[in-house]
Amino acid sequence: MANGKFFLKAFLTMNLELKILKAVLPSFLILLLGANVSALYAQTLPTSFSWTSTGPIISPKSDSTHNIIAVKDPSTVRYNGQYVVYASTANSAGNWGMEYLGFTDWSTAGAATPYFMDKTPGFTGYHTAPQVFYFAPQNKWYLIFQSGQPQYSTNSDPTQPQNW
């Protein structure tokens with residue numbers, strides 16, 4: 001038993017020493033080799049930059065029961081050749097909700113018909129800031145969001161928003 005304790009103590013000591021070495025090695029190299037090492041890490045920023053934009057890709061869309069004035073916080077994944085987007089919505093009364101959009105090409109995103117998540121049982125009221133992701137160990141899609149307290153729901157197919 002004493003040998004086991006000795007080897008455990010030696011292992012823990014060696015593990016701690018490796019952590020310390022990893023932490024101080026970059027600083028030690030700079031001190032040893034001088035400023036030339038720090039020049040390797042230096043990067044210059046461009047003096048100017050520009051970009052072009054297509055304008056809004058997804059815009060608020062209303063239906064007979066949802067007077068949507070804003071869409072934000074999109075969470076996007078690609079699944080079975082389709083873009084899957086869950087986003088926050090704000091209506092004219094100041095209430096927040098979520099919507100689902102599915103489309104095959106970004107050029108058609110603006111034409112996608114939203115599915116308002118309050119049509120799904122358990123999603124009425126304040127639900128916003130969605131994040132959708134696949135968790136392979138459980139073979140499930142997760143939708144996490146704010147709703148008073150943070151919440152989540154699971155689904156086997158993220159293109160079926162009524163199944164969360």
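## Reading surface, strands and cores

Guide: The protein's accessible surface comes to about 11,600 Å², and 60% of that belongs to carbon and sulfur atoms. Areas come from the Shrake-Rupley method with a 1.4 Å probe; for residues, only the protein chains shown count as cover. This is a predicted model, in which local features need pLDDT of at least 70, side-chain atom pairs count only at pLDDT 80 or more, and totals for chains, interfaces and linings use all residues. Residues are numbered from 1 along each chain as its sequence is written, and side-chain values use heavy atoms, with hydrogens and water left out.

Visitor: How many helices and strands does the protein have?

Guide: Helices (H or I, at least four residues) and strands (E, at least two) are DSSP runs, numbered from the N terminus. Here there are two helices and seven strands. Along the sequence the pattern reads α-α-β-β-β-β-β-β-β.

Visitor: What share of the residues counts as buried?

Guide: Buried means under 20% relative accessible area, exposed over 50%, and partly exposed in between (1.4 Å probe, protein chains only). By that rule, 26% of the 164 residues are buried.

Visitor: Strand β1 holds P74 and S75. Is P74 buried or exposed?

Guide: P74 sits in β1, residues 68-79. P74 counts as exposed because its relative accessible area is 53%. S75 is in the strand β1 too. S75 has 5% relative accessibility, so it counts as buried.

Visitor: Which residues do P74 and S75 touch, leaving aside those up to four places away in sequence?

Guide: Contact means heavy atoms within 4.5 Å. P74 touches V85, Y86 and A87. S75 is in contact with V84, V85, Y86, P130, Q131 and V132.

Visitor: Which residues touch the most other members of the largest nonpolar core?

Guide: A nonpolar core is a set of buried Ala, Val, Leu, Ile, Met, Phe, Trp, Tyr and Cys residues joined through side-chain atoms within 4.5 Å. The largest one has 14 residues, and Y86, M117, F123, V132, L143 and W164 touch the most other members. Strands β1, β2 (82-91), β3 (96-103) and β6 each give it two or more residues. The largest share, three residues, comes from β6. Another core lies apart from it, with five residues, among them V85, L101, A109 and A112.

Visitor: What does L143 touch, leaving aside neighbours within four places in sequence?

Guide: Its contacts include Y86, M98, M117, F123, V132 and W164. Y152 is also on that list.

Visitor: Which residues form the nonpolar patch on the surface?

Guide: Patches are made of residues with over 30% relative accessible area and no salt bridge; like charges are joined within 9 Å, nonpolar side chains (Val, Leu, Ile, Met, Phe, Trp, Tyr) within 5 Å. Here F133, F135, I144 and Y152 form one, with about 370 Å² of accessible area together. I144 belongs to β6, residues 140-146. I144 is partly exposed because its relative accessible area is 34%.

Visitor: How many salt bridges are there?

Guide: A salt bridge is a side-chain nitrogen of Lys or Arg within 4 Å of a carboxyl oxygen of Asp or Glu. The count is one. The side chains of D73 and K72 meet at 3.9 Å, N to O. D73 is partly exposed at 29% relative accessibility, and K72 is partly exposed at 40%.
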